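Work through the exercises below with the model open. Each task is followed by its solution.

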Amino acid sequence: MTLEVSNVATETDLTFTEVSNTVDFPKLERDLLKWWKERRVVEQYLTKNDCAAEKFSFIDGPITANNPMGVHHAWGRTYKDLFQRYHAMLGKEQRFQNGFDCQGLWVEVEVEKELGLKNKREIEDFGIANFVERCKERVWKYAAVQTEQAIRLGQWMDWDNSYYTMSDENNYTIWHFLKTCHDRGWIYKGHDVMPWCPRCGTGLSEHEIVTEGYQERTHLSVYVALPLDGEDASLLVWTTTPWTLAANVAAAVNPALDYLLVDQDGKRYYVAKDAAMQALKGDFQVVSEVTGADLVGKTYRAPFDSLPANAEVIHRVIAWSDVSSGEGTGIVHIAPGAGKEDYALSKEHDLQVIDPINQFGVYVEGFGWLSDKYVHDVATRIERDLRDQGVLYRSHQYTHRYPVCWRCNTDLVFRLVDEWFINMDGLRDRLMEVTREINWC
Ligand SMILES: [Zn+2]
């Protein structure tokens, strides 16, 4: 079918008002908001279903009120608004309540920047109460900014009824929850090695590291000889964190792997057979071949044995099936006070735990020349010390993915700390039962 356009135009006699090609969109928004306000459109919408029999409860996952909203927030909020409008049209009563997340590191990080504070000690000097007040001020400021932005986006919410996670109501609820857990015997103090930022003086959760935490870093890595007792041979170990050598108590081998005893210029080393080519530099002669199981139980001397903190330590070779020959030497240096798996192994093998650093990443007393030094400043001096002792096999700059603090980019360390936990063992099944009774839609 064809349509004769000229005839249609003539018959209906269309006329057009001229449209400007320079549109002031912000003005359009403001005009519309004004129009809504004059006609009490939003107010009527929010209260229209107040006496409805059916309710729809939307719990707003709050945005952290530490900065203006980003585009991703606006995107999420648009969907939230859409769902609530839909249920309003279905005639259901709603709270239309918006929330602000006020706690947490995001707010603190911004306030630290504002005040030019560089570490936890400076926050303590500034005064924790003062710092908390500054954090609250920032939350109030940006909650207002975000509210204004959401209104401009055309979101219809009960803005005077927003909830804040820093409210007394919320904090007392959390305390009540913890008290209930305590009354039921679910709270306990545990001792564990966790990722720690020495600049911020705080532990980080596994979650924070998985989501934000790995960067490519280059570290001085060392191959170190650990002389065996009663034998003219050394274990060869490799580490990317030389500072942890001062807390060494064991060396782990895989009992199922094959190991070589090699001779190089009159010195003898044990190294995994499959790791020998990558670990050793220069020619070597194979003296004998053993299994990891043959090495288990041997004792050795470590480079920091003369330090008072290590006076009682007996260094042993232990079995660990996770040891591979893919990287390093196939023999793993174990420092339970400075590594998560290492700490778990200390429980299994009844190893001593040497706890070398304080919350600021500084060696504590008992570590000789290392005491009072910052862990991230000692790698080169440790390398020199190992060379002077004649136990440095070789060193190199090694680039790898390493966990860092998402707040300040400092390399994390693993540190032994006391932490409070909620014991979930008796709770999981009950939680699962409760979720089956909830109507999720
Ligand atoms: Zn940090």
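Buried means under 20% relative accessible area, exposed over 50%, partly exposed in between (1.4 Å probe, protein chains only). This is a predicted model: local features need pLDDT of at least 70, side-chain atom pairs count only at pLDDT 80 or more, and totals for chains, interfaces and linings use all residues. Residues are numbered from 1 along each chain as its sequence is written, and side-chain values use heavy atoms, without hydrogens and water.

**Exercise 1.** Describe the site of the zinc ion.

Step 1. Find the donors (N, O and S atoms within 2.8 Å of the metal, 3.2 Å for Na, K and Ca; water is not among the atoms, so sites may look incomplete). The SG atoms of Cys197, Cys200, Cys405 and Cys408 coordinate the zinc ion at 2.3 to 2.4 Å.

Step 2. Check the angles. They run from 105 to 115° among the four donor atoms, and the site is tetrahedral (four donors, all angles between 85 and 135 degrees).

Step 3. Read the spacing: C-x2-C-x204-C-x2-C. Cys200 sits in the loop between strand 4 (187-197) and strand 5 (202-203), and Cys405 in the loop between strand 15 (392-403) and strand 16 (413-422), so the pair ties together parts 205 residues apart in sequence. Strands are DSSP runs of E, at least two residues, and helices runs of H or I, at least four, numbered from the N terminus.

Step 4. Check burial. Cys200 and Cys405 are both buried.

**Exercise 2.** Is Asp60 buried or exposed?

Step 1. Locate Asp60: the loop between helix 3 (41-47) and strand 1 (63-64).

Step 2. Read its relative accessible area. The value is 3%, so Asp60 is buried.

Technical notes: Tetrahedral: all angles 85-135°; square planar, octahedral: opposite > 155°, others 65-115°.
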